[in-house]
Amino acid sequence: MTEARPVRLTPLPAGEWDDRARASLASLIPAERANPGGAGNVLATLVRHPDLTRAYLPFNAYLLRDSTLSPRVREVALLRVVSRGECEYLWDHHVPIAERAGLTAQDISAIRSGGATDGVDGMVAGAVDELIEHHTITQPTWDELGRVFSDQQRMDLVFTIGGYLLLALAVNTLGVQNEQS
């Protein structure tokens with residue numbers, strides 16, 4: 001991916017967390033994790049704007065937990081998006097989730113390099129590439145996706161790609177650093 005980006009906003013310091021900040025995370029994480037350590041750097045940075053966070057996170061929670069896509073398909077799409085978006089933070093956080101969803105190290109490497117050609121994984125990665133490059137999915141790819149996915153699943157795929165591209169853009173622009181940094 002790319003070199004470290006400048007940190008523009010740091011996670012909200014522990015002493016500045018208030019009920020609004022904690023409540024803004026309720027749709028995604030349990031109350032006991034609504035603190036700087038439990039939330040992680042991306043959420044701890046987003047709570048600097050509690051109203052935006054409260055509005056955005058239910059959509060993100062839907063993509064992550066309630067989408068009609070299988071966890072594997074979601075992670076293939078997400079990893080390809082964050083790879084294309086050069087977002088190391090989200091990549092690092094989602095590789096273990098992708099592994100739990102059944103992706104192997106070889107699958108993950110292929111997704112990152114653009115070489116995912118295996119059946120559904122390749123089709124999903126290709127849809128990500130088309131949407132990012134052309135701002136639409138071509139008709140042949142849409143039709144191919146329709147042989148495997150329902151209309152609702154194809155819609156969820158488009159919104160997963162767009163939703164995680166948005167998050168990658170925000171993480172990159174704000175300069176959110178990995179917790180280990």
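Q: How much helix and how much strand does the chain have over residues 157–176, and how far apart are the end C-alpha atoms?
A: Over residues 157–176, the chain is 90% helix and 0% strand, and 25 Å separates the end C-alpha atoms. Helices (H or I, at least four residues) and strands (E, at least two) are DSSP runs, numbered from the N terminus. This is a predicted model in which local features need pLDDT of at least 70 and side-chain atom pairs count only at pLDDT 80 or more, while totals for chains, interfaces and linings use all residues. Residues are numbered from 1 along each chain as its sequence is written, and side-chain values use heavy atoms, with hydrogens and water left out.

Q: Which feature does UniProt list for residues 157–176?
A: The unreviewed UniProt entry lists "transmembrane region" for residues 157–176. UniProt positions follow the numbering used here, feature names are shortened, and annotations may be inferred rather than shown by experiment. The unreviewed entry also lists "domain: Carboxymuconolactone decarboxylase-like" for residues 50–122. Over residues 50–122 the chain is 78% helix and 0% strand, with end C-alpha atoms 38 Å apart.

Q: Into which domains is the protein chain divided?
A: Domain bounds come from an automatic or database domain assignment. Here the protein chain is split into domain 1 (19–65) and domain 2 (68–174). Their C-alpha centres lie 23 Å apart. On the domain 1 side, 11 residues take part in the contact, and on the domain 2 side 14 residues do; contact means heavy atoms within 4.5 Å.

Q: Which residues does Leu43 touch?
A: Not counting residues up to four places away in sequence, Leu43 touches Leu25, Leu28, Ile29 and Leu57.

Q: Is Ile111 buried or exposed?
A: Ile111 is buried, with a relative accessible area of 1%. This residue is found in helix 6. Leaving aside neighbours within four places in sequence, Ile111 is in contact with Val76, Leu79, Arg80, Leu103 and Ala116.

Q: What is the relative accessibility of Tyr89, and which residues is Tyr89 in contact with?
A: Tyr89 counts as buried at 6% relative accessibility, and its place is in helix 5. Beyond its neighbours within four places in sequence, its contacts include Gly40, Asn41, Val42, Val171 and Val176. The C-alpha atoms of Tyr89 and Asn172 are separated by 8.4 Å, although the two are 83 residues apart along the chain.

Q: Now for open space. Which residues lie nearest the centre of the largest pocket?
A: On a 1 Å grid over the protein atoms alone, a pocket is an open set of points where a 1.4 Å probe fits, with protein on both sides within 12 Å along at least five of seven lines; lining residues have an atom within 4 Å of a point. Leu28, Arg33, Val42, Leu43 and Leu64 lie nearest the centre of the largest pocket, which is lined by 23 residues. Helix 2, helix 3, helix 5 and helix 9 give two or more residues to that lining, and helix 2 gives the most, with six residues. The largest pocket holds about 460 Å³ of space; a volume is the space filled by probe spheres set on grid points joined across faces, edges and corners.

Q: Finally, the backbone. What phi does Glu86 have, and what phi does His135 have?
A: Most residues other than glycine have a negative phi. Glu86, not a glycine, has a positive phi of about 50 degrees, and His135, also not a glycine, has a positive phi of about 65 degrees. Glu86 sits in the loop between helix 4 and helix 5 and is partly exposed, with a relative accessible area of 36%. His135 is in the loop between helix 7 and helix 8 (139–146) and is exposed, with a relative accessible area of 68%.

Notes:
Buried < 20%, exposed > 50% of the residue type's maximum accessible area, 1.4 Å probe, protein only.
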